[in-house]
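Please read it alongside the sequence and the coordinates.

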Amino acid sequence: MFTSIAIIGRPNVGKSTLFNKLTRSRKAIVSDFSGLTKDRNYGYITFGDQKTLLIDTGGIAQDESILKEDIAEQAWIAAEESSLIIFLLDGSENLNKEDLDILTSLRKLNKKFITVLNKIDKKTDSLLKVDLNKKGINDYFEISAEHSRNISDLRSFIKDSLPKEKYESPEGKKIAVLGRPNAGKSTFINKFIKEDRLIVSEIAGTTIDAISIPFSVDDKDFIFIDTAGIRKGYRNSHKIEYFSYVRAMHSVEECDVVIFICDAQEGLVDQDLKIINMICEMGKPVLIAFNKIDLLSKKQKEEIYETKRAQSNFVADFIKLEISGIKGLGFKRLFRIANSLIDRSQKKHSTSSLNQMLGKFISQSAPPSVSGRVLKLKHVHFAGINPTTLVIHSNQDKKIPQNYKKYLENSFRSALKLQSIQLRLIFRKSENPYESKVNKLTDRQIKKKQRLIKYNKKNKRPVSNNPCCRHAER
């Protein structure tokens, strides 16, 4: 149903550096110090419109310490659950016992793996290639992750090596239901579709996989995706919990809108904010639903919105609703708003309407000067959905003040009715259309200009660029 790629190898072969290059991020800490990565780190490697999960693992080392054993176990868990494995080796060193043990274990997994030799920029007398040939590995990829050598070729090779089978999901608008364990996600879905499709228990963590449930409303097809509750400390936990989280994230990637179920008795907690932030990073619209509202008094309901987390700027823009999964309270309004969010988040906006809005915003609050130059916002166009992306062309793109960026973001969000929908503004510097048409002086004109400068310096007269003035002086 989903694909993921794991990078494995012994410590200090460059796994985290390669992870950062492939994901085009700086999520993994990179250092010359061996064994810095201890937990699995995840990110996405993008191939056009396709995203694939990439997992950076800790180094697999022969060590009797409990920590090293845990790190190795986490790495092999990632390898077992992945569709493709990148076996990374240090190309500047010979094949050692740790590499051989990893290779033997890899072959026992019966998984497809790519052998990659890193650090080829170092000049050494390594016999690694000869050793690999003796072990039956004749095909390998040579790179330098630190200096980005052959990284683009490796990306293309990885894309071609991914499994071709695709999961065919049923047609319809997809609604992912996320939240912490025991927030009432399965109860909500069962009550909504009026069927006992999902196991419901007071024991937290009953749901361990992402389950798709088709249903229809007013002859329109929809799909609920029930996901496992995301616990605090999921990265270090048992493999079932960790990959339940991975499947939940893939469900977010596939869905059109996320309904985040929160236990109203506990209110918004730090783990809720972390999950919502991850959803926002993936560009999906979010609707926050406080479940089990029937168990609270009127005063307790008011206290939910008075907490610091509920009043923070981060969640201020999200739509918040009150529901009861057991009694079915607030379902109609919740579904109506969720359906509206899908339509608004996928709406494409015309260039003419966006430019009219931009002109209105500029007239209400003129752009500031940046480094002595007046900021000129020339035009804007629509660039994509999830998140809704607008590209603004201006005479500058680097030093635009954050407060003015925020002003434009809030203005567009209000005008386009993007509450609970992610918005991204990209500023690009417009090219000068006359830059290539600048007249260049001939050698004769340059010499004449130099004579004129010399003459004016001798007579202490300013040089005028206006030819009419020069004629008048004569």
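## Salt bridges and backbone features

Four residues apart, about one turn of the helix, lysine 97 and aspartate 101 both lie in helix H3 (residues 97–109), where helices (H or I, at least four residues) and strands (E, at least two) are DSSP runs numbered from the N terminus. This is a predicted model, in which local features need pLDDT of at least 70 and side-chain atom pairs count only at pLDDT 80 or more, while totals for chains, interfaces and linings use all residues. Residues are numbered from 1 along each chain as its sequence is written, and side-chain values use heavy atoms, with hydrogens and water left out.

The side chains of lysine 97 and aspartate 101 meet in a salt bridge at 3.3 Å, N to O, a salt bridge being a side-chain nitrogen of Lys or Arg within 4 Å of a carboxyl oxygen of Asp or Glu. The structure holds 13 salt bridges, and a network of them links Asp317, Lys406, Glu409 and Arg413.

Arginine 180 forms a salt bridge with aspartate 272, with the closest N and O atoms 2.9 Å apart. Arginine 180 lies in the loop between strand E7 (173–179) and helix H6 (185–193) and aspartate 272 in helix H8 (residues 270–281), so the pair ties together parts that are 92 residues apart in sequence. A further salt bridge joins aspartate 270 to arginine 309, the closest N and O atoms being 2.8 Å apart; this pair links distant parts of the chain, with aspartate 270 in helix H8 and arginine 309 in helix H10 (residues 308–311), 39 residues apart.

The table gives the accessibility of residues in these pairs, with buried meaning under 20% relative accessible area, exposed over 50%, and partly exposed in between (1.4 Å probe, protein chains only).

| Residue | Relative accessible area and class |
|---|---|
| Lysine 97 | 53%, exposed |
| Aspartate 101 | 32%, partly exposed |
| Arginine 180 | 16%, buried |
| Aspartate 272 | 1%, buried |
| Aspartate 270 | 46%, partly exposed |
| Arginine 309 | 33%, partly exposed |

In helix H5 (residues 151–161), the buried residues are Ile151, Leu154, Arg155, Ile158 and Ser161. They cover an arc of only 130° around the axis, which puts them on the same side of H5, the arc being that of the directions from the helix axis to the C-beta atoms. The face turned away from this buried side carries the exposed residues Ser152 and Asp160.

Most residues other than glycine have a negative phi, and most peptide bonds are trans. Lysine 119, although not a glycine, has a positive phi of about 65°, and the peptide bond from asparagine 386 to proline 387 is cis, with omega near 5°.
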